[in-house]
Every structure is written in C-alpha cells, then in structure tokens.
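I opened this model today to look up a helix and some charged side chains, and I am keeping my notes here in the order in which I looked.

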Amino acid sequence: MIKNIVRSVNQFVNGQTIGGVLLALAALVALIISNSPLAPYYISFLNTPSAVHLAGDWLVLTKPTLVWINDLWMAVFFFLVGLEIKRELLEGELASRAQALLPAGAALGGMLVPALIYAAFNAGDPVGLRGWGIPMATDIAFALGILLLLGSRVPASLKIFLTAVAIIDDLGAILVIAFFYTANLSLTMLLAAAAGIVVLLALNRWRVMAIGPYVMVGLVIWVFVLKSGVHATLAGVITALAVPLSDGRGGSPLKTAEHALHPWVSYLVLPVFAFANAGVSLVGVTLSTLTQAVPLGIAAGLVLGKAVGVFGASWLLMRFGGAKLPDQSTWQQFFGVCVLCGVGFTMSLFIGSLAFDGADAAFGVQVKMGVLLGSLLSATLAVALLLAQSRRPATH
C-alpha cells in the first residue's frame, strides 16, 4: 500500500516538473514583454474582446481575453483540482483521519497565519484588507517541481506530505473564493446552476461512466455560475465531484479524466494563465512600492506566515495529537518543505485578481510584486535549507 502511494506520488511529481518550469518561463516572458516596446501589444492582446454565441443569438458572452483565461481556462484547472480532491478523499492521503490529520492541520495553519499577517499589515485600510486571501495559497506545480529537482535529497514521505497539504490548500482557496470573493448574486442564475447540479447527481446515480455528459452539463453550469455573481471557476470543482471514482469493473472514470487532463493543465492552461497574469511594468517601481502594505503583507504572509503556520500547526499535532514526523525525514527537511509552501504564485495571483477587481490598477501591480517576491524568497530559502540538510547524515 505504502509503495503504491509513493509510486503514485512520484509519478504525479514527475508530471509537475515540466509544468513548473513552463510556469516560470511563462511568467518570465510576461515580465520581459511588459517592460519592453512590445508592452502595448501585450496589453492589447489581454484586452481584446471575443464573443461566444450560445443557442444561436439567444445568449452571447462577450469578454476580453484576460477574462476568458481567468474564468473559462481556469475552470478547467479547477475541474482537475476537484478530481484530485475527490480521489484523495476517497482512497488517497485524506481517506482516513489518521492519514489526513497532519496535512489537514498543517494546511489549516498555513491558511490562517498568512491571512492574519496580511491583515495586520493592512489594518485600517478597507480596500487593502480585501486581499487577505492572497497569501493563503500554495502553488503545487512550482513547489513539487522544486522538490523533484532536488531528487533523492528529499524523502518521498515529504513529497506525499506536500502534495496532501497543497490539495487541502486548494480546497480552502475554493471555499474562500466561493464565500468571500463573489459579486452581487443573481438568485435566478443560482437556481439554474442548482438545477444543473441536480442533473450531475442524477448522472452519477444512474452510473453514467462516460465523461462527456458530465462535461456538457458542467459547461451549462459554468454559464449559469458566470451569470450568477459567484466565480465561474467553481463550476469546474462541482462538475469534478460528480464524476464516478469506479465503474465497478476495475476501471476509474475519475482517474482516466485526471490523467488525460493533467498534461493539458500543466503544459497549457497554467502557463497561459501565468503569461496573462504575471506581466507587470516595472516603470516607476521603487523600493517604496515593495514596502507598501499590500505587497509587504503578501510577501510576509507567504514567507513567514506559511512557514510558521504549516510548521507550527504540524508541531502541535505531533506534540499533542499523535501525529508523527514523515518517515525518513529530519526536522530541518520538514521545516524546509513548510517554507516551500510559501510558493503561492498561480492561486495567489488568481485570488488577487478577484480581491481587487474594480479597484485602482495600482493594487494589481502591488499584488503581482508581492506574490513574485514572496514566492521567490520562499523557494530560495526552502532550497537552501534542504540542500544544507542533504550534506549531513539524516537524523531525527
């Protein structure tokens, strides 16, 4: 059983590595273009509107490219996240209380402490406080990619721990988006989306094993959720949770969909999202820009908040809750992985775009600067800790 879990996680991490590299390259290209003569073309591309006609001209959705990427493309990412969450809850690292205790507690600490640190930096500023959810997230592609690049210096048990923490982290981010980052709600559209959810449940109950019907209904739900005021990406999670884990004959529609979707999300969806959201002009950006409350709160939340929250909650669970240090790992290695959880990037940028939607454009720049700085510092510190430990004999 343990060997199967380790093998599955290693395969998962291997798949994340190239995706993590592509994410970094896409973000770097966006930064370069945003500070070059090509910047006007980049901005024009993101603001170019395009229309989708549904049922003829009965319903026409016209959105700029950036909104299509953040609302529709990211719904595909959230669909994959939903599949991963369901699989982990039913048969993975979160399937039992004993297995879920340490990563669940660590993830909770890693969400609460960064949010509190951010709130402390932005106390008294009602607009700035809207970004409290930004430093709560962990970017699973970047974080796992870094661990794989370190190879055998990091035991497999810590890769399993980080995977579970990041997945629970994503679940927490989904709940935060659903309850705190929504616009004015349309009851009619919400009821229509609820009707779509009933259809999904019926498909599951009727043991429909083909993925196509779930995706088609999910697209309809996406339209209704988009029009409801709740963020449309949540339709991806809802659809994923209805997909059956087992067909009763040894097959798994959920795992089939997950494996088929992983390359598309890792190699296309997330890099495109990074390219569209990481571009920030550095013209006029000074040290004082980075020391404003929003970017400083984000960076401190990611670097300090994640390390203190994840490690502190884990230590309490090991001291008083019966949890144990992951197998074959040392305290320094464990702390290094806790620091690595501060690589927020994708989900942090996404929550930032929701938090300051409609606010002054300066907040968008501050969010990107804070996320980039915090994620870079967290990755650098984590790698330094893990490399330093690898030079010593492994002791508990």
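My entries on this predicted model follow.

Entry one, helix H7. I looked up residues 187-205 and found a helix of 19 residues that reaches 27 Å from its first C-alpha to its last, close to the 27 Å expected at 1.5 Å a residue. I then noted which of its residues are buried, namely Ala-192, Ala-193, Gly-196, Leu-200, Ala-202 and Leu-203. Seen down the axis of H7, these fall within an arc of 165°, so they line one face of the helix. That buried set packs against helix H8 (211-228) and helix H9 (234-242), while on the other side of H7 I listed Leu-187, Leu-191, Val-198, Leu-201 and Arg-205 as exposed. After H7 comes Arg-207, with a positive phi near 55°.

Arg-87 meets Glu-258 at 2.7 Å, N to O; Arg-87 lies in helix H3 (residues 65-91) and Glu-258 in helix H10 (residues 253-277), so the pair ties together parts that are 171 residues apart in sequence. Both of these residues are buried. For Glu-88 I noted a relative accessible area of 9%, which is buried.

Glu-91 is partly exposed at 37% relative accessible area, and Lys-255 is partly exposed at 26%.

Conventions. Residues are numbered from 1 along each chain as its sequence is written. This is a predicted model: local features need pLDDT of at least 70, side-chain atom pairs count only at pLDDT 80 or more; totals for chains, interfaces and linings use all residues. Side-chain values use heavy atoms; hydrogens and water are left out. Helices (H or I, at least four residues) and strands (E, at least two) are DSSP runs, numbered from the N terminus. The expected span of a helix is 1.5 Å times one less than its number of residues. Buried means under 20% relative accessible area, exposed over 50%, partly exposed in between (1.4 Å probe, protein chains only). The arc is that of the directions from the helix axis to the C-beta atoms. Contact means heavy atoms within 4.5 Å. A salt bridge is a side-chain nitrogen of Lys or Arg within 4 Å of a carboxyl oxygen of Asp or Glu.
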